[in-house]
Amino acid sequence: MKIIEIDGNKKAYLPLLLLGDEQENMIDRYIDRGRMFAVDDNGIKAVCVVTDEGNQILEIKNIAVEPDCQRKGYGKALVDFICEKFKDEYFTLQAGTGDSPLTVPFYEKCGFERAHIIKNFFTDNYDAPIVECGKQLADMIYFKKKMN
């Protein structure tokens, strides 16, 4: 397994990115200004896009793992890689996600703590309802983690 940076044609990974962010025009808001990394383990298994949000804050805008590769450590490997690679440039790594039993435990397991909530983010910014585990996502929960 190796983690590589994707420099060109990031949209080639759109099917995988759409697992982490279900609407293409939302991905378009950050893909060009973000840096993309991928886990290559006999093929791309996971991707992550991070952006510089100023004030020494790096944000995970999208992290997605192929469905048949989930729960095998690829997502955590990306988070650990990002923390190590950028620890001297950024103080905080943050990520926003829906209040879902699919994502919240992942961030907590990676050492993130709840920071704040943006009310109605998903209902206000997405064309169609996003439902995970039978629950419609409304608010975005932000998590943060110290980089070093």
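This is a predicted model: local features need pLDDT of at least 70, side-chain atom pairs count only at pLDDT 80 or more; totals for chains, interfaces and linings use all residues.
Me: How many helices and strands does the protein chain have?
Reply: Taken together, the secondary structure comes to five helices and nine strands.

Me: What radius of gyration does the protein chain have, and why does it agree with a compact globule?
Reply: The C-alpha atoms fill a box of roughly 35 × 30 × 30 Å along the principal axes. A compact globule of 148 residues would have a radius of gyration near 15 Å, so the value for this chain agrees with that picture. The radius of gyration of the protein chain is 14 Å.

Me: What share of the contacts with a separation of 6 or more joins residues 24 or more positions apart?
Reply: Of the 148 residues in the chain, 44% count as buried. Among contacts with a separation of 6 or more, the part that comes from residues 24 or more positions apart is 64%.

Me: Which residues are the closest to the centre of the largest pocket?
Reply: The largest pocket holds about 1,200 Å³ of space. Its lining is made of 41 residues. The closest to the centre are Gly-20, Ile-63, Thr-97, Thr-103 and Tyr-107.

Me: Which element gives the most residues to the lining of the largest pocket?
Reply: Two or more lining residues come from each of α1 (14-20), β4 (57-65), α3 (74-86), β5 (92-98), α4 (104-109), α5 (121-125) and β9 (140-146). The element that gives the most, with seven residues, is β4.

Me: How many residues of the lining of the largest pocket are nonpolar, polar and charged?
Reply: The lining has 41 residues in total. They divide into 11 charged, nine polar and 21 nonpolar.

Me: Is Glu-59 buried or exposed?
Reply: Glu-59 lies in strand β4. Its side chain makes a polar contact of 3.3 Å with that of Lys-61. Leaving aside neighbours within four places in sequence, Glu-59 is in contact with Val-49, Val-50, Thr-51, Glu-53, Gln-94 and Tyr-142. Buried means under 20% relative accessible area, and Glu-59, at 4% relative accessibility, counts as buried.

Me: What relative accessibility does Val-49 have?
Reply: Val-49 is found in strand β3 (residues 44-52). Not counting residues up to four places away in sequence, Val-49 touches Leu-17, Tyr-30, Gly-34, Arg-35, Met-36, Glu-59, Ile-60, Lys-61 and Asn-62. Val-49 counts as buried, and its relative accessibility is 1%.

Me: How far apart are the C-alpha atoms of Val-49 and Lys-10?
Reply: Along the chain, Val-49 and Lys-10 are 39 residues apart.

Me: Which residue has its backbone nitrogen 2.8 Å from a polar atom of the side chain of Asp-139?
Reply: Asp-139 sits in the loop between β8 (135-136) and β9. The side chain of Asp-139 is joined to that of Lys-119 by a polar contact of 3.3 Å. Beyond four places in sequence, the residues Asp-139 touches include Thr-97, Gly-98, Ile-118 and Phe-122. The backbone nitrogen at 2.8 Å belongs to Asn-120.

Me: Which backbone oxygen does the side chain of Asn-125 reach?
Reply: Asn-125 lies in helix α5 and is partly exposed, with a relative accessible area of 26%. Not counting residues up to four places away in sequence, Asn-125 touches Gln-23, Met-26 and Arg-29. At 2.8 Å, its side chain reaches the backbone oxygen of Phe-121.

Me: What is the phi of Asn-55?
Reply: Asn-55 is found in the loop between β3 and β4. At 75% relative accessibility, Asn-55 counts as exposed. Its phi is positive in a residue other than glycine, with a value near 55°.

Me: What relative accessible area does Cys-133 have?
Reply: Cys-133 is placed in the loop between β7 (131-132) and β8. Its phi is near 55°, a positive value in a residue other than glycine. Exposed means over 50% relative accessible area, and Cys-133 is exposed at 52%.

Key
Residues are numbered from 1 along each chain as its sequence is written. Side-chain values use heavy atoms; hydrogens and water are left out. On a 1 Å grid over the protein atoms alone, a cavity is a set of points where a 1.4 Å probe fits but cannot get out, and a pocket is an open set with protein on both sides within 12 Å along at least five of seven lines; lining residues have an atom within 4 Å of a point. Grid points are joined across faces, edges and corners, and a volume is the space filled by probe spheres set on the points. Helices (H or I, at least four residues) and strands (E, at least two) are DSSP runs, numbered from the N terminus. Ala, Val, Leu, Ile, Met, Phe, Trp, Tyr, Cys and Pro count as nonpolar, Asp, Glu, Lys and Arg as charged, and the others, Gly among them, as polar. A polar contact is a pair of N or O atoms within 3.5 Å; within protein, one must be able to donate a hydrogen and the other to accept it, and residues adjacent in sequence count only if both atoms are side-chain atoms. Contact means heavy atoms within 4.5 Å. The radius of gyration is taken over C-alpha atoms; the globule rule is 2.2 Å times the number of residues to the power 0.38. Buried means under 20% relative accessible area, exposed over 50%, partly exposed in between (1.4 Å probe, protein chains only).
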